[in-house]
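Please look over the sequence and the model below before reading on.

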Amino acid sequence: MARIGVFICHCGSNIAGSVDIARVLEAARKMPQVVYVEDNKYTCSDPGQASIRNAVKAHRLNRVVVAACSPRMHEKTFRKTVEQAGLNPFLLEIANIREQDSWVHSDDKERATEKAIEIVRLAVAKVARNYELYARQISLTKRALVIGGGISGIQAALDIANAGHEVVLVEREPTIGGRMAQLDKTFPTLDCSACILTPKMVELAQHNRVVLFTYAEVQSIKGFVGNFEVEVRQKARKVNHTTCTGCGTCWQKCPEKVPSEFDLGMGQRTAIYIPFPQAVPTKPVIDTEHCRYMKYQRFVASGEEDKKPPQCRVCEKLCPTGSIDWEEQDRVFTEKFGAIIVATGYQTFDASAYGEYGAGMYPDVISGLQLERLMCASGPTGGEVKRPSDGAHPKTVVFVSCVGSRDEAKCRPYCSKVCCMYMAKHAIMLREHDPEVQCYIFYIDIRAGGKAYEEFTRRAQEEYGAIYLRGRISKIYQEGKKLVVLGEDSLIGRPVELSADLVVLATGMEPSSGVVELAQKLNISYDTNQFLVEAHPKLRPVETQSDGIFLAGACVGPRDIPDSVAQGSAAAVKAAALFSQDYITTDPMTAMVDISRCTGCLLCTQVCPFKAISTQALRDGRVVASVNEGLCKGCGLCAAVCRSKAIDLRGFTNQQLFAEVTSLWQ
Amino acid sequence: MSQVIAREDLSRWLNSLMEERTVVVPVVVGDMVFFRPVAKAEDMTISRGNATLGPKGCLFPLSHTMFTVEQEDGDVRVIPSSLEREMVVFGLRPCDAQGLAVFDLPMLAEPADQYYRERREKTALVGLACAEACAECFCTSTGGGPHDARYMDVMLSEVPQGYLVQAVTEKGKKLLAKAPLKDMAVQAPTPPDVPRVPTDGIVAAMRRTFADKYWSRLADRCIHCNICSYVCPTCYCFDIRDYQQDGKTHRVRSWESCQAPGFTKIAGGHDPRADKGSRMRQRFAHKLLYFPEEFNNVLGCTGCGRCVRYCPVNIDIREIISDVQKIGGG
Amino acid sequence: MQDKIRAKARELLETGTVDCVIGYERATDGLTARPVFIYGTAGVDRLVFDQTCVHNLSKFLLDRRDKRTAIVAKPCDSRAINLLINEGQLARDKVYIIGVVCQGMPEVSWNRVSKEPQERCQRCPQRVPVVYDYLVGEPVEALPVTFSDVEQMENAGPAERRGFWLEQFGRCIRCHACRQACPGCYCSECFVDQLDPTWVGIRKDVTDNEMWNTIRAFHLAGRCISCNECERVCPVSIPLSLLNRKLEKDVGEFFDFQAGIKAETVPPFATFKKDEHLKGVE
Amino acid sequence: MAVGFEPRVVGFLCNWCSYAGADMAGTSRMSYPPNIRIIRVPCSGRVDPLFVVKAFQMGADGVLIAGCHPGDCHYTEGNYHMRRRFALLQPFLDYVGIEKERFRLEWVSASEGKRFTQVVTSFTEQLRQLGPRKDRELMAAKGVQRAV
Amino acid sequence: MKQAESTGTLAGQKAFSYFPGCSLHSTAREYDVSARLSCEALGIELKELEGWACCGASSAHSTNELLAVSLPARDLKRAGEVGLPLVAACAMCFSRLKIASHELQNNDMRKLVQTVIGQEIQKTARVVHLLEVVDSRLDAIPVKKPLTELKVACYYGCLLVRPREKVAIDDAENPQLMDRLVRKLGAEPVAWAFKTECCGAGLPLARPDIVLKLCHRILAQARQAGADCIAVACPECHSNLDTHQEEIRARYGDDARVPVVYFTQLLGLALGLSVQQLHLDKHLTDPVPVLSSKGLA
């Protein structure tokens with residue numbers, strides 16, 4: 001039998017001013033199971049709370065209703081109060097007679113009072129059906145998984161490790177470093193990308209709390225915050241990295257040359273290779289598609305003996321440590337984590353989608369990132385800018401902005417943020433490489449928001465003579481050795497025609513391939529551009545709707561290096577904060593299943609936004625729903641769709657809501 | 001010489017009865033017939049055969065408030081419901097009247113059910129003899145007959161000149177006091193032939209078939225839809241529940257059915273008649289075994305044939321009776 | 001048709017493919033049919049099939065979930081089987097479906113068979129079972145679905161509609177036969193029987209009856225396979241199909257969905273489209 | 001329209017947007033008719049048609065469900081499910097004669113105190129225009145017997 | 001408003017309503033003739049739309065939007081009543097009809113138009129271009145005389161692909177429909193960047209200088225790409241490119257001569273029809289020498 005106490009707050013005159021407290025008291029006293037009523041000037045004040053505690057003891061109350069301000073205001077406060085009084089904090093209900101009554105009906109005391117009475121009635125009806133709820137405590141693995149070894153992933157991993165927790169970083173390429181490693185210099189300071197990145201890469205590789213899996217991918221993810229189980233697939237390198245010393249003989253001697261992915265086709269690599277000299281780990285992998293011996297074996301397998309190429313196996317012969325391992329296969333292993341940081345970054349937009357620019361058709365139409373490789377001292381041309389077609393030094397270079405940005409027609413409505421800056425950087429760098437170079441930059445707007453950014457773009461124009469033309473390019477075509485660029489200068493409203501040696505397309509950012517599949521494995525959401533979605537764009541920028549999964553860097557949207565690094569650190573702090581607890585406390589207001597009623601139609605599993613409902617088989621063979629309280633967020637969708645009412649939501653049970661509805665007519 | 005009421009006089013008489021009584025008559029709704037109180041006798045229809053639902057609801061309502069509890073600061077008042085006006089049920093058939101007689105045995109046996117007793121005492125039954133038997137009727141096999149007047153207060157039987165009137169009880173005589181009756185010599189109509197079912201020794205046979213797997217096989221096609229109990233003139237199972245509304249508590253009694261799953265479920269969740277078979281056997285054992293054993297061989301069935309007519313899967317009590325005779329025959 | 005069914009039933013029982021065949025036999029009125037469970041070849045000749053075999057037998061499968069059962073199924077019955085499979089109540093491999101082509105069934109009640117086919121049959125788009133292991137009868141032309149009856153009700157005034165339904169619900173005796181006959185109603189404890197909260201309870205006031213009938217219909221939204229058993233068994237002839245078909249119509253219009261057509265399908269309430277525009281919702 | 005008729009409205013408000021929106025109306029001292037009785041639910045998707053129909057059975061003149069705008073659901077999807085449920089339930093209740101004007105689904109965000117007052121005001125006004133429910137009269141006319 | 005057969009595959013479609021338009025009845029006879037003959041050979045039935053009228057090209061839409069929709073609306077209504085998809089060969093007609101049927105989906109616009117033409121529009125026909133139709137049965141084309149060694153610059157012009165959201169039968173920058181066809185016919189489509197560049201459209205009288213400049217560039221590019229001829233699908237493009245080649249030579253010196261033919265003529269040729277049947281001998285820049293040099297004429 002419930003013994004309910006009702007405590008009505010005057011809130012000074014805030015409530016008492018427009019609600020007849022005496023009448024509410026009278027009415028409340030008559031309500032079923034109410035054994036005690038009292039009013040206070042300020043129930044939230046210390047004396048107010050004290051008198052609740054006393055009344056609970058004096059009148060053996062086991063349920064409390066506080067009629068005062070909105071629960072969003074003081075529910076927590078009063079939960080503590082009743083807890084101090086020795087009751088379970090969830091045996092409390094708040095009747096919101098201020099925000100939703102006295103303040104909105106101050107003009108009609110009569111009806112405001114009637115409404116107050118019924119608001120109290122609702123709370124009484126509900127609280128009578130409240131019962132003790134206890135937060136469950138779930139242990140957690142203080143170990144983080146970082147997916148993606150770009151700059152923000154590296155930063156996140158380092159920060160977590162330095163906070164004293166183990167970190168596993170998974171990178172699908174043979175080396176960490178990501179896009180930043182491909183850059184020559186960085187705006188606006190123009191310091192060399194490698195010089196600031198590679199030390200971090202090395203620090204990470206050598207950190208005693210960091211385990212690095214390169215050339216590996218996340219295969220599946222189970223579990224929930226604090227208790228993720230992740231399957232990682234280590235792709236076969238055909239090279240034993242424990243014995244390999246990275247001496248380099250193999251990749252110097254390998255006869256098979258293929259276009260280098262890292263150099264975006266501007267240069268070549270061998271079949272056994274490291275992507276670039278400062279790669280981490282500095283140990284090679286064998287590209288099984290191009291490796292001659294692998295081809296040979298495939299021919300043997302296919303029985304086309306006659307066409308088969310020579311066996312090669314040069315690397316194997318020359319390797320001083322005998323680390324070549326032709327038999328090595330993919331390995332899959334499972335690891336436990338408490339938190340996951342997704343830092344999968346971006347890839348550049350494929351400009352061939354713009355037929356009119358002739359990317360892929362004309363060798364001298366290249367992307368900004370390709371130019372980076374051409375300018376990079378450790379790049380294929382040793383930093384000498386030669387154009388792909390004939391190796392000539394370009395004198396006239398035309399830049400086209402917003403290629404794959406701000407273009408509805410190409411389903412890329414967003415601004416990629418960095419292009420304006422790197423075009424300016426390129427204009428400056430090209431002049432520094434060769435004073436005779438003249439750069440023309442076709443832009444829509446110059447977006448240079450950021451510390452020292454605007455100054456930087458000005459320098460490009462004023463000190464380095466880059467000519468900025470506002471307008472889009474309509475067509476690029478080859479005429480002899482030149483590229484004819486047709487466009488419009490929208491400021492003077494005239495068509496312009498330029499003849500260039502090299503055209504650089506400022507291709508925008510898009511999420512890395514495979515991010516959608518990953519998002520689905522993680523059950524986190526992505527937007528129409530396939531960028532991952534943060535829990536709140538402003539207030540929770542590195543969190544997701546799934547607890548324990550955080551975001552960093554360009555996988556969320558276009559970011560430059562400083563932003564990506566900052567986000568890496570931010571995500572790291574979130575993970576570290578999570579690890580600072582010894583267990584995770586779950587909100588007790590979760591769904592629960594009455595297995596005797598459950599028919600196993602499993603509609604609930606289909607509607608649950610958090611995949612929190614799985615199935616369990618009973619001894620009698622029936623299969624019924626079962627809630628994972630770690631994943632359940634308490635939305636109650638399942639309870640609403642359950643026809644047999646077998647699944648219910650603690651804190652908002654069918655009994656409680658039903659009692660509220662009917663109480664209005666009792 | 002016997003008394004006759006002309007067709008046109010019938011409604012006049014009923015209308016006169018309405019002045020101080022509620023008069024319940026057969027009313028046609030679509031292709032169904034119900035017993036309902038009417039404001040004027042002209043609304044009634046005298047149809048062939050049996051009403052969809054018998055008049056049992058008039059004395060034992062589908063759902064009614066037994067009493068209301070009011071709380072007025074501190075003290076509690078209990079207000080029992082009661083029937084203000086007397087009631088006349090007109091046009092019921094012998095089998096339904098016999099059904100009420102069956103009702104009386106348990107309901108009026110002390111301690112009597114006060115709500116039923118009140119209604120029964122305040123109600124007079126004006127019956128109509130059956131001119132023809134329906135295909136599913138078998139009243140003559142259950143101790144009744146198409147012209148059986150025993151359980152009526154007044155019995156009418158259709159004749160060319162109108163209705164032959166027979167006052168059976170004192171209550172009946174009072175009703176007829178103001179009735180426009182004519183004295184004339186009329187031949188009492190002969191009862192129609194009613195198909196017979198062999199019910200002799202059924203009680204013993206039921207005993208012997210109690211453990212037979214016949215029941216569970218029979219129950220295979222039963223969907224325990226409860227219809228049989230609801231249309232049956234002798235089924236009196238009920239359930240009671242309290243309802244809060246407008247500051248009052250109403251204690252409500254409603255029909256229930258022994259065929260409903262969970263009808264016999266007890267605290268702790270155990271259900272002694274969890275399977276269809278035992279529920280089905282319970283129903284027929286109640287009519288053909290327990291009831292006669294309890295109340296000196298009166299069958300708990302009056303052969304109205306409604307359960308036969310309305311069962312969606314044709315579970316036919318007549319078939320069952322003869323099957324049981326075969327299986328458990330001496 | 002009947003002979004084919006008997007032959008197949010005999011074969012299935014002889015080969016032990018199933019332990020029981022659920023079909024139809026002649027009822028005691030000698031005119032109509034009733035469900036029958038045949039457990040051995042001996043009983044096979046009791047099986048009949050004709051225009052009076054209106055019952056949807058699929059619900060009986062729920063009494064034999066884990067036993068191998070053969071069942072005679074008309075198109076609408078077969079949709080019920082798909083529904084039950086979709087909702088995890090039935091394993092396809094436990095059921096052997098003897099599908100029968102349907103010309104539309106007449107109104108059938110004890111001792112009575114109408115000349116005309118039932119209204120719902122005149123509107124039924126399925127003439128051939130949507131799922132079967134063995135098909136009996138020659139496929140016939142399907143008819144276009146129409147909702148003229150529902151539209152007529154929709155176009156009546158609110159007061160008229162209200163009056164109509166209050167009268168219908170007022171007549172309801174809450175025997176719950178509609179539920180018992182419905183293949184979609186398989187809850188172990190129906191909301192109407194639940195005590196805390198007492199959603200409806202045992203009281204049979206018109207308002208309780210309305211609650212019962214509307215919620216039951218809504219629980220079948222996107223699930224009703226319009227076999228119309230509920231309406232057939234109703235002893236007080238409440239036009240329940242008018243409720244179910246209204247929802248069937250809207251579910252079709254809004255979500256382009258028809259229940260029971262496929263076993264693997266996502267029911268309308270299990271999913272949503274972010275940018276769908278639904279009537280009455282801004 | 002019945003003179004001096006004050007409709008009784010039951011409002012199911014989602015905790016994260018609409019309930020906060022109602023609070024916002026209070027904190028900014030706006031004013032709306034006091035006819036609505038607010039029941040707090042975690043998400044509009046929690047509202048089972050049973051509660052709606054029950055409210056009407058008990059005698060509510062109108063029922064309001066308010067949740068986050070599509071796309072803003074705290075639980076990402078709840079309001080989309082409610083939207084589907086409502087799309088079927090409203091015309092269905094209208095079909096059995098509970099006019100569609102009596103049942104509303106609205107999106108009110110935590111910041112939309114103004115919008116909340118507008119919704120409640122217009123809904124209440126609409127219900128006043130509609131007048132009380134006619135069930136009792138209609139039952140009498142159809143000779144429907146009550147159990148209570 | 002319904003759009004008849006708005007879905008469904010073209011491949012299965014045997015008969016079409018045919019909208020020749022004014023050009024194909026006059027300056028572009030060769031297009032009309034070659035289209036009809038090739039379709040016949042392909043077993044495609046073209047039924048000329050009864051009482052078709054002006055599609056509203058060039059003048060209407062630049063002066064009065066409502067007029068520009070109302071004119072084709074009338075044709076669309078008629079076609080809708082016939083119930084067959086409406087195929088146009090002339091790119092201008094296609095563009096007008098397609099855009100109009102798009103506009104008519106808007107209820108307000110439709111009401112407006114209905115008052116203008118004084119008829120109610122229940123349904124309109126699906127509008128397709130001949131290229132789409134041919135492409136839909138590409139594999140089924142019975143090539144009798146493969147156009148081997150013939151290098152063709154496929155020139156689509158602007159009207160078939162712009163505005164993208166309303167008409168585009170293919171990518172606006174690098175369309176492939178005609179290239180696919182030409183390849184199927186045994187010829188080699190050259191890769192070039194000017195497939196959809198402006199030809200100067202209706203300006204030859206008002207601003208000949210612009211037309212010459214644009215056409216010169218297109219022809220030069222085609223030649224540079226090594227094309228023996230240019231294939232077009234638009235009477236306007238054709239006349240601009242074909243008729244100005246003398247002036248271009250006069251103005252720009254270089255020998256810009258490249259024959260310009262309709263894709264239907266190449267199609268017909270491959271189907272075994274003769275130069276004369278296809279009016280291939282009627283162009284100002286004579287394609288016959290090139291064709292005979294490849295043994296095709």
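## The interface of chain D and chain B

In this predicted model, chain D and chain B bury about 400 Å² between them. Carbon and sulfur atoms account for 47% of that area. Four residues from chain D and five residues from chain B make up the contact.

## Chains without contact

Chain C and chain E are joined by no contact. The closest C-alpha atoms of chain C and chain E lie 17 Å apart.

Chain D and chain E do not touch either. Between chain D and chain E, the nearest C-alpha atoms are 24 Å apart.

## Helix 6 and helix 7 of chain A

Within chain A, helix 6 covers residues 151-162 and helix 7 covers residues 193-206. Helix 6 of chain A and helix 7 of chain A pack at an angle of about 45 degrees, and their axes are 10 Å apart. Because of that angle, helix 6 of chain A is oblique to helix 7 of chain A. The crossing of these two helices of chain A is left-handed.

On the side of helix 6 of chain A, the residues in the contact are I151(A), I154(A), Q155(A), A157(A), L158(A) and N162(A). They meet L197(A), K200(A), M201(A), E203(A) and L204(A) of helix 7 of chain A. By class, the contact of helix 6 with helix 7 in chain A has seven nonpolar, two polar and two charged residues.

Technical notes. Residues are numbered from 1 along each chain as its sequence is written. Chains are lettered from A and ligands numbered from 1 in the order in which they are written. This is a predicted model: local features need pLDDT of at least 70, side-chain atom pairs count only at pLDDT 80 or more; totals for chains, interfaces and linings use all residues. Side-chain values use heavy atoms; hydrogens and water are left out. Axes are lines fitted to C-alpha atoms, for helices over the stretch in contact, and angles run from 0 to 180 degrees between N-to-C directions. Helices (H or I, at least four residues) and strands (E, at least two) are DSSP runs, numbered from the N terminus. Angles under 35 degrees count as roughly parallel, over 145 as roughly antiparallel, 65 to 115 as roughly perpendicular and the rest as oblique. A crossing is left-handed if the near helix is turned anticlockwise from the far one by less than a right angle, and right-handed if clockwise. Contact means heavy atoms within 4.5 Å. Ala, Val, Leu, Ile, Met, Phe, Trp, Tyr, Cys and Pro count as nonpolar, Asp, Glu, Lys and Arg as charged, and the others, Gly among them, as polar. Buried area is the accessible area (1.4 Å probe) that two parts lose on being put together, summed over both.
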